[in-house]
Structures are given as C-alpha cells and as structure tokens.
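Open the viewer and keep the selection tool at hand. We will go stop by stop.

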Amino acid sequence: TPRFSFITWVAMKERLSTGDRMQKWNGSANIACVLCQEPVETLRHLFFECSYSEQIWRGLMRGVMEEQYTADWGRLLRLITRDLSWGKVKAFTIKYMFQLAVHSIWCERNKRRHGEEPCPAEILSKRMDKTMRNKFTILQRKRDKDLEGGMRFWFSTR
C-alpha cells in the first residue's frame, strides 16, 4: 500500500520528525513520547520500544515471526531486508504488517500530538488485524497464486 510504504521508507531513512529530531530544530519543543510519556521520543523508541507500540507489535507478530520475533528496530530491518528462508506468504505478511504498523503508529502519534482523542492499543491492534485480513481477501479475489494461503496462515498465527 503506497501510503504505508512511503512512511516506512521515510522511517528507514530516519527522517521522521520524532521528538529528538524536533529538538534539533526547536530547543523548546515537547520531545516526550505522547504514546507512553517516555521523556525522549526517538525513532527506535517509537518503533517498538515504546510500551504502546511494542504491545501492538507483539500481539500481531509474535505468532507470525515465532522464534525470530523481535521488537528491536535494527534487528527488524535486518530481518525484513534480508532474503531469509521464509515462504512467500510469511515474508509478505511480515513485511506488510511492518509497513502497516509503522504507518498506523505514526498516525496515532501525530493525532495525539495534535490533540485528538487517543486510540487504545487494543483498538488500533484490531484495526490493523482487520486491514491485514482485508489485504488477504483482496489478494484472494485477484487469485494471486503466490499468496493464496495468506488468510489461512494469518488465522493460524492468532
């Protein structure tokens, strides 16, 4: 999904305006994490050291990644960008959910920064689960042979 991949690309280039980056531009900026109140919001904190984002990531991905599960940004990037022995369905699921998580958490962070009502982690997690299921439904309707077992795989990890 283009909007997911764009925000993820910006995050991977470490160009998102997180608290630590905003402090460089404006010394009086509020640099605390609006998701968990940690004093300094960094990219690594936001994805997925923050208790809010880690709860979402763990809930959605622990069953998918199994023994390779991690919430460490650097390790996740290495796992996702290397061609591991994952099957096509598992690789797609991990990469798509990574992009969806980065986008969703970034949007929630921005909403809170701008005074909007916070969304509990459980609700955001359910929305992301629904988005993943919708993606697999679309792929099924397109008769994508490489990812035809996606929905079954997703449900097996729940």
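Start with the aromatic side chains: the structure holds ten aromatic pairs. Rings of Phe, Tyr and Trp (its six-membered ring) pair if their centres lie within 6.5 Å; planes under 30 degrees apart count as stacked, over 60 as edge-to-face and the rest as tilted. This is a predicted model, where local features need pLDDT of at least 70 and side-chain atom pairs count only at pLDDT 80 or more, while totals for chains, interfaces and linings use all residues. Residues are numbered from 1 along each chain as its sequence is written, and side-chain values use heavy atoms, with hydrogens and water left out.

**Stop one.** Select F6 and W9. Their ring centres are 6.1 Å apart and their planes lie at 35 degrees, so the pair is tilted. Both are in helix 1 (residues 2-12), three residues apart, which puts about one helical turn between them. Helices (H or I, at least four residues) and strands (E, at least two) are DSSP runs, numbered from the N terminus. F6 is partly exposed, at 48% relative accessible area. Buried means under 20%, exposed over 50%, partly exposed in between (1.4 Å probe, protein chains only).

**Stop two.** Now select F48 and W57. The centres of these rings are 4.6 Å apart, with planes at 15 degrees, so this pair is stacked. F48 and W57 are both buried. Then look at the backbone: a cis peptide bond joins F47 and F48, with omega about 10 degrees. F48 lies in helix 3 (residues 43-49).

**Stop three.** Which ring does the charged end of R112 sit over? The ring of Y52, 4.7 Å from its centre. Next, select R158: its charged end sits over the ring of W154, 3.9 Å from the centre. The rule asks for NZ of Lys or CZ of Arg within 6 Å of the ring centre and within 35 degrees of the ring normal.

**Stop four.** Show the cysteines. A disulfide is a pair of cysteine sulfur atoms within 2.5 Å, and the count here is zero. C50 is in no disulfide; its nearest cysteine sulfur, that of C36, is 3.7 Å away. C50 is buried, with 0% relative accessible area.

**Last stop.** Select R143, in the loop between helix 7 (121-141) and helix 8 (150-156). Its phi is near 60 degrees, a positive value in a residue other than glycine. R143 is exposed, at 67% relative accessible area.
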